[in-house]
Amino acid sequence: MEKAVLRRLTTLCIVCGLGCLVLLGVAGFRDTNREWKYYQEDYREKLMGKLGRDKNPAMYQRVAQMKPELKQVVVTEWQTVDRCVTCHISIEDPLFAQARQPLKTHPYPELLKQHPVDRFGCTICHGGQGLATTYYGSSHEPIHNWPVTLVSKGLMQSRCGYCHKNFEAIKADKLIEGRALYQELHCAGCHQINGQGGAVGPDLSSFADKDPSNFSLENLKGSRSKQNWVIEHFQDPQRVSPGSPCAATP
């Protein structure tokens with residue numbers, strides 16, 4: 001009886017050991033095949049081709065010795081960490097102005113000079129999940145439990161309002177138009193901003209900073225994100241927020 005038990009325990013230990021070896025092998029394989037490593041290798045090869053061995057031997061040699069590594073920007077002011085530059089490694093390199101994503105240079109270099117990546121990171125302006133190192137995880141498209149998807153180009157100015165309150169000074173035409181619509185459509189009759197307005201609807205003073213988890217997303221037809229909630233709520237508030245006193249925007 002004891003020998004049978006020992007045999008079973010031995011077999012179980014062998015199976016568990018083999019299982020651990022398989023898991024270690026899978027983990028090692030996945031670690032060596034991270035998608036960002038391919039992007040960085042592509043950047044290294046393309047940069048070597050642009051530099052040329054004879055034009056700048058010292059720089060060429062440094063680039064040739066580059067190894068794939070995680071890169072991140074710590075923004076203490078907002079207590080956040082951005083790893084976007086792990087894939088967008090050439091975001092500030094003018095040599096890659098015509099490259100394809102994720103190696104393409106930022107399309108507005110002058111704007112980037114005023115908001116350097118090493119100080120501001122990326123997600124404060126673009127949204128998304130900065131800690132991620134994959135296309136899916138960074139929320140280029142809506143993902144479960146992270147409703148702050150990357151902001152589309154047409155809504156980029158909405159992020160400017162997080163820090164800039166003088167829309168005229170930064171020439172944010174869409175924010176200026178939005179503020180004008182707020183006045184023209186008499187939104188203040190129901191909503192307050194900085195203590196001014198009615199109390200029928202929620203206070204909109206810090207709407208841009210409102211946590212996405214506070215939004216009911218189950219009735220949305222499109223992507224489940226804060227940005228899309230705003231759009232669909234304007235179009236059909238009764239569907240998005242049943243019982244809302246708001247009427248559809250004409």
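Predicted model: local features only at pLDDT ≥ 70, side-chain atom pairs only at ≥ 80, totals over all residues.
User: What makes the chain more spread out than a compact globule?

Analyst: The chain is built from 10 helices and 4 strands, in the order α-α-α-β-β-α-α-α-α-α-β-β-α-α from the N terminus on. Its radius of gyration is 25 Å, whereas the globule rule gives 18 Å for 250 residues, and because the value is well over that figure, the chain is described as more spread out than a compact globule. The C-alpha trace spans about 80 × 75 × 30 Å along its principal axes, and 28% of the 250 residues count as buried.

User: Why is the pair R44 and E41 called a salt bridge?

Analyst: The label requires a side-chain nitrogen of Lys or Arg within 4 Å of a carboxyl oxygen of Asp or Glu. The closest N and O atoms of R44 and E41 are 2.7 Å apart, so the pair meets that cut-off. Both residues belong to helix α2 (residues 35-51), where they lie 3 residues apart, about one turn of the helix.

User: Why is R44 called buried, and why is E41 called partly exposed?

Analyst: R44 has a relative accessible area of 16%, and since buried means under 20%, R44 is therefore placed in that class. E41 has a relative accessible area of 27%, which lies between the 20% and 50% limits, so E41 counts as partly exposed.

User: Why do D236 and R239 count as a salt bridge, and which network includes them?

Analyst: The side chains of D236 and R239 meet at 3.7 Å, N to O, and this value is within 4 Å, so the pair qualifies. D236 and R239 are linked with E232 in a network of salt bridges. At 30% relative accessibility D236 counts as partly exposed, as does R239 at 22%.

User: How many salt bridges does the structure hold, and how many positive and negative side chains does the chain have?

Analyst: The structure holds 6 salt bridges, and the chain has 30 positive and 25 negative side chains, the centres of the two sets lying 7 Å apart.

Terms used: Residues numbered from 1 in each chain as written. Heavy atoms only, no water. Helix = DSSP H or I, 4+ residues; strand = E, 2+ residues; numbered from the N terminus. Rg over C-alpha atoms; globule rule 2.2 N^0.38 Å. Buried < 20%, exposed > 50% of the residue type's maximum accessible area, 1.4 Å probe, protein only. Lys, Arg positive; Asp, Glu negative; His and termini not counted. Charge placed at Lys NZ, Arg CZ, Asp CG, Glu CD.
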